[in-house]
Amino acid sequence: MHPNEADFTQDGAEIVNFHGAHIMVYDYPADSKYIARKIANFKERMEDDALFAVVNLKVLLDRMEEWKINFSRAEPHYAFKCNNDPVIVRILANLGCGYDCASKDEIDYVLDNKLVPSEKIIYANTVKTQSFIKHASKIGINLMTFDNEEELYKIKKLHSDPKLLLRIYASDNYGQCSFGKKFGCDPDEEGPKLLQKAFELGIPVVGISFHIGIGFNDTQVICKAIKDARNLFEVGTKTGHKMTIFDIGGGFPGSDKMGKIPFKKISFDINQALDEHFPESMGVKIVSEPGRFFVASVVSVIVNIIAATKVKASRIFENPENPDEEAYLYYVNDGNFGSFSGRLFDNYTPKGEPLFIESGHEKEYPCIIYGPTCNGADKIEVKEKMRKMEVGEWLFYDDMGAYTKTISTNFNGFKQPKYFYFTDRETW
Ligand SMILES: *Cc1c(COP(=O)(O)O)cnc(C)c1O
């Protein structure tokens, strides 16, 4: 038990051991900010200013519930790269998720920890390292994606029992983070040729996949991709393949707050397109690769203010209305090289707020929140207004579960937040 966890048991929480991790199970429903405040209070008494994260496992279960209710046909294969936290990935596996893995290490982690059997893993990277293909062949990972002829030759040479999904191009170029044209073949011209080529090489293509990228602006792109896929199912079957799996990828928003259209609308439109082009009577298994959908809103990161400097507004804004207005620069102990890397790689701008409300501190000032490293690009956000903060106080950042932990570095020697897991007894 961590020294500070004993403290929580005195406050309605039982510490449960879950595969070596400690989960605080409360007798009452608790929210992330409430738990964060308890931990911060305790840390202050210990004079511990290290950043931390709270992981609301009830939210993880709620997200799975929401998926099942709205998307019963699309069997999820969680995208491991999104957040590889050992507790989160085990719970998702226990809830019935398969896995989308992109490398040998991801595959080995899932198998070594017995999260799911090899049949529930999709090696969903169209760009596969040669030695990884050999490894996949040896350990029975057969379901893989491809989008070009050259990859077929590699697979032919290195894998003894491949079952392929042809990845077609379907990208929401206006989304939060577009994949451009890095992945996916053209469904009209190249698709049929690749199906033919695979057949000639004796490689079974068992279905079609796509991944539209991140953030749905509208559902047109995905509905068109579903139509294209149906067409290629016809072509593939005529070519001689036995097509039984359709993989609709990931990209579903981490919460309605983070997405442009509500998940209910997305799933409704997709279900309608699936019912039209892939009716259940066809017997095609529909799978998906959600990442952020499950984990984004599960984790909140709480950072400590390590420096606070009073400046003039002219240092913060280009042409401020009142250049002499009182403003602040805050430096916190996590930044763009750590949990906030999503700002660079995922186009996600988190918005923080003071963890505690302080009476007598109602007046607000413009400010910049900087990360702790010596790099000028390590700037988290500019705020028009926030109450004045002192060194040692905490800022709370919500929705920090996706593409945070897995993209973090320890550049300049700054650490990742320790995860504190909690839930309530009813959920547990
Ligand atoms: C990253 C990725 C996903 C998951 O994307 P999310 O936006 O997190 O849902 C799914 N499939 C593939 C092929 C990916 O590269």
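**Notebook: salt bridges and ligand site**

I began inside helix α7 (residues 149-158), where E151 and K154 sit three residues apart, about one turn of the helix. This is a predicted model, so I keep that in mind throughout. The two side chains form a salt bridge, with the closest N and O atoms of E151 and K154 2.9 Å apart. Buried or exposed, what is E151? E151 is buried, because its relative accessible area of 5% is under the 20% cut-off. K154 comes out as partly exposed, at 22%.

Next I looked up helix α9, which spans residues 220-239. K224 and D228 are four residues apart there, about one helical turn. Their salt bridge has its closest N and O atoms 2.8 Å apart. I noted D228 as buried, with a relative accessible area of 13%, while K224 is partly exposed at 48%.

I stayed with helix α9 for T239. T239 is buried too, with a relative accessible area of 15%. What does T239 touch, leaving aside neighbours within four places in sequence? I got L195, Q196 and F199.

Then I wanted a pair that spans the sequence. E353 and K33 meet through their side chains in a salt bridge, 3.0 Å from N to O. E353 is in strand β14 (residues 352-354) and K33 in helix α2 (residues 32-45), so this pair ties together parts that are 320 residues apart in sequence. I have both down as partly exposed: E353 at 35% relative accessibility and K33 at 22%. My tally for the whole model is 21 salt bridges. A reminder to myself: side chains of opposite charge can pair when their charged atoms come close.

Last, the ligand. I counted 14 residues around the ligand, and K81, G251, E289, R292 and Y403 come nearest. By class, this shell holds five nonpolar, four polar and five charged residues. Which atoms of G251 come to 2.8 Å from a ligand oxygen, backbone or side chain? For G251, a backbone N or O atom does. R292 uses a side-chain N or O atom, also placed 2.8 Å from an oxygen of the ligand. For Y403, I noted 2.5 Å between a side-chain N or O atom and a ligand oxygen. Taken alone, the ligand exposes 390 Å², and the protein buries 93% of that.

Key: Residues numbered from 1 in each chain as written. Predicted model: local features only at pLDDT ≥ 70, side-chain atom pairs only at ≥ 80, totals over all residues. Heavy atoms only, no water. Near = heavy atom within 4 Å. Polar contact = N/O pair within 3.5 Å; in protein donor to acceptor, adjacent residues only side chain to side chain. Areas by Shrake-Rupley, 256 points an atom, 1.4 Å probe, with all protein chains shown as cover. Nonpolar A, V, L, I, M, F, W, Y, C, P; charged D, E, K, R; others polar. Helix = DSSP H or I, 4+ residues; strand = E, 2+ residues; numbered from the N terminus. Buried < 20%, exposed > 50% of the residue type's maximum accessible area, 1.4 Å probe, protein only. Contact = heavy atoms within 4.5 Å. Salt bridge = Lys/Arg side-chain N within 4 Å of Asp/Glu carboxyl O.
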